[in-house]
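Have the structure open while you read.

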Amino acid sequence: MKHPTALLPLLASSTFTVVVRAGWIDEDTPERLRTATSLIDGTEYDLVMSDEFNVPDRTFADGEDPTWTALDKSDDDYAASGGGSLHFYNSSMVRTTPDGMLTIQSLIDKTEWTHYDPLKKEWKQETKHFKSGMIQSWDKFCFTGGIIEIDVVLPGEPDIGGLWPAIWLLGNLGRATYEGSTNNLWPWSYDTCDRKKQQSQAISRCNNANHYGLNKNQGRGATEIDVLELMGGDSKGPLPATYPPISLPYADLTLQVAPGIPDNRPQSGSQPVRTIDHTHSGYATSVPEKWYDNLTVAGNTSLNPFFYGTYLGVTKPNEPVTRNKKQVFQADAVGAMKQLVSEHFKTPHTFRVEWQPGRGGSLDWFAKSYKKVDENGTIFHMEGDGKGQDWEHSLSIPDFALDAAMGSQIPNEPSYVIFNTAISSTWGFPYSVPDWCPKCYDCDDPKCACSFNPGFCSMMKSGKVALKIDSVRVYQSKNDDAHGGQPHSVGCDPPDFPTREFIKGYEYRYMRNPPFVYDDKHPLRSVKNGGGTCKVDHDCGGGGAEDIEVDEDWTLPDLSGVKKSGDNTKMDEDVIDLDKEDGSSIRENQGPLAHQGDKKTGQAQSKNRRLAENNIPINDAAGSSEEKDDPTAGLDKPGVADEAVEVNTDDSKVLSNIDRTPKGQCITATPGLFGVPTSTGKHCKCNKGYTGPHCLSVDKYDEEPGALEQKKVVTLFEDRVGPYLTKFHVFLGGLLVGAFLVALGMASLAKSRKNGGTEMTSSRS
């Protein structure tokens, strides 16, 4: 992944061979991280997907990456049960930065558009005052069961509420923020035929004839597993009804599930009442509330008493979906709140979920903390300063707890990964405001200040608010007998839980509404293979280790914008290896200023994480690339993991990205007769195994065909190799065909005239 510059001479003198692997694994993932041990069953799991986000300047707009899609749309959170979204998702807010992070920025920036209101029969002006980002692997990469690990730096300030960053999994039948696709599918995880619930669950086990490729008599849904959701702010002490005491900020760890418990539910702000109190005369003064049993928490984690779920009632006329009285239902939020500290907002922390899907399975959340042993020998965990490296089993939800309560089950749907930061007036904003407050949400309007938490607008105006993902990795077990639940699988369209044909049949539910549809013909655009504007090979991921002349005195550019003293910058000895499996010797040798940032500017010091993009010396790269607008250029760069190159006598593999092969070339553009020339006259051409407009992404894909692909009829000529035709070839062919038809017509006309003349001569004679 990353490496100290001190090892450059060693690397430059070595010879490397890299094979771009098929499937979903990032070529930059070190070999030692291609397996993981389950903290539940103790067996070894294999890596099936990873993204290290090492390559800077990757972009994720629709059609630019084989794994991820960043949205360009309004967040359609207008439901009667939700609402309050204040942001517009813009794909330019999502990119990889030179410090090896996927960065999702949030800032103050107005977005305005008009749309037609069919109820009032008029055009309406819409305005969002914030821009943010959501990136999702919907209908690209999905998995069912296994381990997911994410290294994340949380956005904003820990004591200022108002941001809603989340890392979550959603079943592929629903596309996040596209409410037409999730209506009466989210968050159903129920495979029992119940006629009373049939109309509330769009795909019910009661259906004897499910269509568009779905299996009959199978209950389905868009299930949701929240790896974490941040609730920021300053509670001035522990929150009520939390055991152990939890203060703001905290992370929600949650399973959203339907059907939910309909009656005698716990009251928000208190833990479920389990016992009945009586008066002296024997009369009951309380009634036990129904909730899920056998949930376990550990460390600085409490069952969440503030959110027990969502009631999805009859919709209002102005909502984007409809539900009638027979389609309403209760959804439950089964989860806990994990204490966070300021360190979670400065350096990457690892969060893990182990998911054993379906009946007999479980969901288990893990975070890092300190493991302590008291005088009685009892082991317990504490968060402390946020630098602990011991795994804490924060929350466990067994399947039998769901089955006993409502007959639901641990999700068994092929699910995709989502990273986003929302800004919603219903999440982390002031609970109550004065009556005189206009309840507006424009940071540029002084009258609206009363609607925000103190400091929120100043924080947003800094331009330094960003959710940062250092890496994401997914592991699965090949031994179905080694774990509970159902088998693990990769793919968005497995035969047992198909989705693609259903999505194809209801494409409009998964597409943007006017005026954002533009030229969209399908929910997802094909990924561009090259074609991006360039000047030199470096712009297309060109250049490899074999081309580098190593300068031992060369140091990384200062990515944080903080001026450093001296001509040369010594590699910071404060190395935090998040990927070190045992967590040993990680913190012992830290300097006194580790992670404290620059005292004058308040910015976090950037680590010497990586060489310049694709290992090109900085003096060669400077000025070679076209100017690019980088909305993340002013962001603080956190103190992050430096994974050193490992040279092992038993294994000669080098665990770094120094050996990455060139991804593409910058060639002279030949747009053809109808093509649009690039501004430089050149464009990127991708080498085999890479894709994207600038060839910066590994070409990833499912190794096994999905249910829809398996249904296609293979014909004799289906796999024939066709000629490569450009637009010019098509135009030239059209000209030839046209010329032939004109010549044929003229010949026919001449022949007709000749025959006509012969007949006239015959008649005169």
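Lys-131 and Asp-109 make a salt bridge, with their closest N and O atoms 3.2 Å apart (a salt bridge is a side-chain nitrogen of Lys or Arg within 4 Å of a carboxyl oxygen of Asp or Glu). Lys-131 sits in strand 9 and Asp-109 in strand 8, so the pair ties together parts that are 22 residues apart in sequence. Lys-131 is buried at 15% relative accessible area, whereas Asp-109 is partly exposed at 32%. Here buried means under 20% relative accessible area, exposed over 50% and partly exposed in between, using a 1.4 Å probe and protein chains only.

Bear in mind that this is a predicted model: local features need pLDDT of at least 70, side-chain atom pairs count only at pLDDT 80 or more, and totals for chains, interfaces and linings use all residues. Residues are numbered from 1 along each chain as its sequence is written, and side-chain values use heavy atoms, with hydrogens and water left out.

The search of the whole structure turns up 24 salt bridges.

| Pair | Closest N and O atoms |
|---|---|
| Lys-131 and Asp-109 | 3.2 Å |
| Asp-57 and Arg-95 | 3.2 Å |
| Glu-149 and Arg-352 | 2.7 Å |

Glu-149 belongs to strand 12 (residues 146–153) and Arg-352 to strand 20 (residues 349–356), so to speak distant parts of the chain, 203 residues apart. Both Glu-149 and Arg-352 are buried. In the other pair, Arg-95 is buried at 8% relative accessible area, while Asp-57 is partly exposed at 23%. There is also a salt-bridge network linking Asp-62, Arg-512, Asp-520 and Arg-525.Back to strands 8 and 9: they run antiparallel and are joined by nine bridges, with Trp-113 standing opposite Glu-126 in strand 9. The two strands form a hairpin with four residues between them, and Lys-121 in the turn has a positive phi of about 55°. Helices (H or I, at least four residues) and strands (E, at least two) are DSSP runs, numbered from the N terminus.

Which order do the strands of the open sheet take? The order is 4-5-9-8, four strands with mixed pairing, where two strands pair if DSSP finds at least two bridges between them. Strand 4 (73–74) and strand 8 (107–117) are at the edges with a single partner strand each, so one side of each has no neighbour in the sheet. Strand 5 (residues 87–89) runs parallel to strand 9 (residues 122–132), joined by three bridges, and Tyr-89 stands opposite Ser-132 in strand 9.

Now for the inside. The largest nonpolar core holds 54 residues, and Tyr-292 and Phe-419 have the most contacts inside it. Such a core is a set of buried Ala, Val, Leu, Ile, Met, Phe, Trp, Tyr and Cys residues joined through side-chain atoms within 4.5 Å. Another core, of 37 residues, lies apart from it and has Trp-427 and Cys-492 among its members. Leaving out residues up to four places away in sequence, Phe-419 touches residues including Trp-68, Met-134, Ile-150 and Val-472, a contact being heavy atoms within 4.5 Å.

Cys-666, in strand 27 (residues 664–668), is buried at 12% relative accessible area. Its C-alpha is 4.6 Å from that of Cys-684, 18 residues apart in sequence.

Overall, the protein chain has eight helices and 30 strands, and buried residues make up 52% of its 765 residues.
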